[in-house]
Amino acid sequence: MSTAKKEYKRITVKTLVDMKANGEKISMLTAYDYTMAKIVDGAGVDVILVGDSASNVMAGHETTLPITLDQMIYHASSVIRAIERALIVVDLPFGSYQSDPKEALRSAIRIMKESGAHAVKLEGGKEVKESIKRILNAGIPVMGHLGLTPQSIYKFGTYTVRAKEEEEAKRLIDDAIMLEKAGCFGIVLEKIPAKLAKEVAESVSIPIIGIGAGNGVDGQVLVLHDMLGMTHEFHPRFLRRYMNLYEDMTKAMEQYVADVKSMDFPNNNEQY
Ligand code: KIV
């Protein structure tokens, strides 16, 4: 059963800001392909993130760094063809926006033009401010991403909780306020203490979507394959698995193998 308010026929960046103002929590999941995106959209999820986690989930890379702009556009255009209601946000991949604001704008334009997505997301605070402004000036909505920013994994060294120290926590709040002032329509906050995340959500009027950031924020995002239990070698505390598809799919495929070998499949009703 969905508890999404169905009166939102189509989710826009403005809808999300209204949802926060009205105290309605925002649901967000990742998707990278047509078939999954159709299910996610049909289930009433408000925002679909074509995340650069596709680099891990779809391509099997250890980090999000290798995925390219062309590959993100491919995933985003598959998702866009599936949706009727959700807002589609696409990650600017590593290397497509860090060098200068003009390159950031070119990358964002490519995503919007070639995939038909509705918004882009990029990681970082004041170091990407000028890029954000340039993208916004072209009329492209931008979502920020603070806390654990996986594109900087080699700088952090680990995927542990961020901003536990006062100095980093203060910098994070300042960055969130800066992102709102620059014109971002929302911010993903990844893996930070719940108390700090709540403080950030209360410091800005744009929605804060958390992943491993507690329930004092304005919405939640999870990686689809993790929440469905398709991945199983990864057990962060924040992850709730709603299914164990890894086990169910394995069983189904093992049964298929057995049926083929025993010639149980196809039976008389399954042939022409
Ligand atoms: O790429 C991604 O899936 C993300 C989420 C973890 C927020 O950025």
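A: Start with a pair of strands. β6 and β7 run parallel and pair over 4 bridges. Helices (H or I, at least four residues) and strands (E, at least two) are DSSP runs, numbered from the N terminus. Two strands pair if DSSP finds at least two bridges between them. In this pair, L189 has G210 of β7 as its bridge partner.

Q: What kind of model is this, and how are residues numbered?
A: This is a predicted model, in which local features need pLDDT of at least 70 and side-chain atom pairs count only at pLDDT 80 or more, while totals for chains, interfaces and linings use all residues. Residues are numbered from 1 along each chain as its sequence is written, and side-chain values use heavy atoms, with hydrogens and water left out.

Q: Which hand does the unit of β6, α9 and β7 have?
A: First, the rule. A crossover is right-handed if, with the strands pointing away from the viewer, the path from the first strand over the helix to the second runs clockwise. β6, α9 and β7 make a right-handed β-α-β unit.

Q: Which strand pairs with β6 over 5 bridges?
A: That is β5 (residues 142-147), and the two run parallel. Across this pair, H145 stands opposite V188.

Q: Is β6 buried or exposed?
A: Buried means under 20% relative accessible area, exposed over 50%, and partly exposed in between (1.4 Å probe, protein chains only). In β6, 5 of its 5 residues are buried. One side holds G186, V188 and E190. The other holds I187 and L189.

Q: What should I look for in backbone angles?
A: Most residues other than glycine have a negative phi, and most peptide bonds are trans. K191 has a positive phi, near 50°. M263 has a positive phi too, near 65°. M263 is in the segment after α11 (245-262), and counts as exposed at 69% relative accessibility.

Q: Which peptide bond is cis?
A: The bond from F265 to P266 is cis, with omega near -5°. P266 is also found in the segment after α11.

Q: How does β2 sit among its neighbours?
A: Look at both of its partners. Strand β1 (residues 26-30) pairs with β2 in the parallel sense over 3 bridges. There, L29 has I48 as its bridge partner. From β1 the chain passes through helix α2 (residues 34-42) to β2, in a right-handed β-α-β crossover. β2 is also joined to strand β3 (residues 87-91) by 4 bridges, again parallel. I48 stands opposite I88 of β3.

Q: Are the faces of β2 covered or open?
A: Both faces of β2 (residues 47-50) are covered. V47 and L49 are buried on one side, I48 and V50 on the other.

Q: Which residues touch the most other members of the largest nonpolar core?
A: A nonpolar core is a set of buried Ala, Val, Leu, Ile, Met, Phe, Trp, Tyr and Cys residues joined through side-chain atoms within 4.5 Å. The largest has 66 residues, and I48, I88, V120, I135 and L189 touch the most other members. Helix α8 (residues 166-182) gives the most to this core, with 7 residues. A second, separate core has 17 residues, including L16, F185, V188 and V221.

Q: What joins β8 to its neighbours?
A: Count bridges again. β1 and β8 pair in the parallel sense over 4 bridges, with S27 opposite Q220. β7 (residues 208-211) and β8 are parallel as well, over 2 bridges. I209 has G219 of β8 as its bridge partner.

Q: Why does S78 count as buried?
A: S78 counts as buried because its relative accessible area is 8%. S78 is in helix α4 (residues 69-80). Leaving aside neighbours within four places in sequence, S78 contacts Y32, D33 and Y34.

Note on methods: Contact means heavy atoms within 4.5 Å.
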